Amino acid sequence: MTAHSATASASAPRARTGGPREDGPKIVEHAMGWALVVVVAMLVTQLGLL
């Protein structure tokens, strides 16, 4: 890496990649996770897989 590219990348703001954020509401994520569990359980019982 050249000195110019190292300096340019160090001073540029980092791009957001769409990953998880630390400041989001945790309760929504928790509720959506349980809703997914319930939907999968209903699908499994309706298809007779269990």
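Me: Why is Met32 called exposed?
Reply: This is a predicted model, in which local features need pLDDT of at least 70, side-chain atom pairs count only at pLDDT 80 or more, and totals for chains, interfaces and linings use all residues. Residues are numbered from 1 along each chain as its sequence is written, and side-chain values use heavy atoms, with hydrogens and water left out. Buried means under 20% relative accessible area, exposed over 50%, and partly exposed in between, with a 1.4 Å probe and protein chains only; Met32 has 56% relative accessibility, so it counts as exposed.

Me: How do you know that H2 lies largely in the open?
Reply: Of its 22 residues, the number buried is zero, so H2 is largely in the open, and of the 50 residues of the protein 0% count as buried.

Me: What makes the span of H2 agree with its number of residues?
Reply: The expected span is 1.5 Å times one less than the number of residues; for the 22 residues of H2 this should give 32 Å, and the end C-alpha atoms are 32 Å apart, so the two agree.

Me: What follows H2?
Reply: Gly48 follows H2, with a positive phi near 70 degrees.

Technical notes: Helix = DSSP H or I, 4+ residues; strand = E, 2+ residues; numbered from the N terminus.
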